[in-house]
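Me: Could you pick one part of this model and go through it closely? I'd like to know what sits around it, and then how the rest of the chain is put together.

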Amino acid sequence: MRRFQGKVAIVTGAGSGIGQGIAERLGCEGAKVIVDYVGSPEGAKQTEEAIEKAGGEGKIVQADVTRINDVECLVDTAWQQFGSADILVNNAGVEKKSEFWETTEADYDLVMSVNLRGPFFLTQAFVRRLRDAKRPGRIVNISSVHEDMVFPGFASYCCSKGGLRMLMRDLAVELGPLGITINNVAPGAIATPINKSLLEDKPKLNALLKNIPLGRMGTPEDVAGMVAYLASDDAAYVTGSTFVIDGGLMRNYKEQ
Ligand code: BGC
């Protein structure tokens, strides 16, 4: 199925994990994809190759979502290269574990800048162009079950994701009249590099798996299916909501 033929998508953090899965899915379904990464280019190259193998088109852009010039460059590149930017997936994210009383200013600033400030200003740049061109659009934020649920040891992460939830709710109202929808996808425990230490700690992993009613970690593909739905025509009347993809974890949470 090529649901996104003629559409252009920007996916941040598309060089690994959930972002890679989303970029590949949208690309394989026909979207032209701006593959954003920061750091190592190998993952982004893999993403681009997977899209091209499926007959799609990708364009790798190195952009740090915490920098205004970089987020503007992402949107400008989409318009220059592909003629528009119809779908924005704010996926890039980081987490830092520490007791609340040990959390450093630098860690707090990094988590908030990548997870909340980045989506705020990238969405602003994305919306400005659509508003000027009088075109509709789709925004999907990759949030977390922790936009709603506590995560002891990760207070800054919870702040960022809780903020992303309210940003999404507010923008659903502000952007609706422009024909732009915005929703959050809230993954639970997904097997990706952000969970590296958990995946390597067998007792901790087994304890977590016991709390997941579906009995396994999620995959980037599990998340990508929901993002593709929200970016598609089927979701034309869907805005202002969070969609949880967690194998039932949120109804049964005990991670520590
Ligand atoms: C975090 C993971 C955590 C999962 C479930 C995610 O948002 O990134 O570290 O395991 O939520 O608690």
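Reply: Let's start with Thr 192, which is in contact (heavy atoms within 4.5 Å) with Gly 17, Ile 18, Leu 199 and Pro 220, leaving aside neighbours within four places in sequence. Before going on, note that this is a predicted model: local features need pLDDT of at least 70 and side-chain atom pairs count only at pLDDT 80 or more, while totals for chains, interfaces and linings use all residues. Numbering runs from 1 along each chain as its sequence is written, and side-chain values use heavy atoms, with hydrogens and water left out.

Thr 192 sits in the loop between S6 and helix H6 (196–200); helices here are DSSP runs of H or I with at least four residues, strands are runs of E with at least two, and both are numbered from the N terminus. With a relative accessible area of 10%, Thr 192 is buried. That word means under 20% relative accessible area, exposed means over 50%, and partly exposed is in between (1.4 Å probe, protein chains only).

Now for a helix with a buried side. In H2, the buried residues are Gly 43, Ala 44, Thr 47, Glu 48 and Ile 51. Looking down the axis of H2, these buried residues fall within an arc of 140 degrees (from the directions of the C-beta atoms off the axis), so they line one face. Helix H1 (17–28), strand S2 (32–37) and strand S3 (57–62) are among what covers them. On the face of H2 turned away from the buried side you'll find the exposed residues Glu 42 and Lys 53. Just past the end of H2, Gly 55 takes a positive phi of about 90 degrees.

Next, the nonpolar cores, meaning sets of buried Ala, Val, Leu, Ile, Met, Phe, Trp, Tyr and Cys residues joined through side-chain atoms within 4.5 Å. The largest one has 32 residues, and those touching the most other members are Ile 10, Ile 34, Leu 74, Val 75, Phe 126 and Ile 139. Strand S1 (8–11), helix H3 (68–82), helix H4 (105–133), helix H5 (155–175) and strand S6 (180–187) each give two or more residues to this core. H4 supplies the largest share, eight residues. A second, separate core has 30 residues, among them Ile 18, Ile 51, Ile 142 and Ala 224.

Two more residues are worth a look. Lys 134, in the loop between H4 and strand S5 (137–142), is exposed, with a relative accessible area of 74%. Lys 134 also has a positive phi of about 55 degrees although it is not a glycine. Most residues other than glycine have a negative phi. Over in helix H5 you'll find Leu 167, which is buried at a relative accessible area of 12%. Leu 167 and Ile 68 are 99 residues apart in sequence and 18 Å apart in space, C-alpha to C-alpha.

As for the whole chain, there are eight helices and seven strands, and 50% of the 256 residues count as buried. Among contacts between residues at least 6 apart in sequence, 72% join residues at least 24 apart. The C-alpha atoms fill a box of roughly 50 × 35 × 35 Å along the principal axes.
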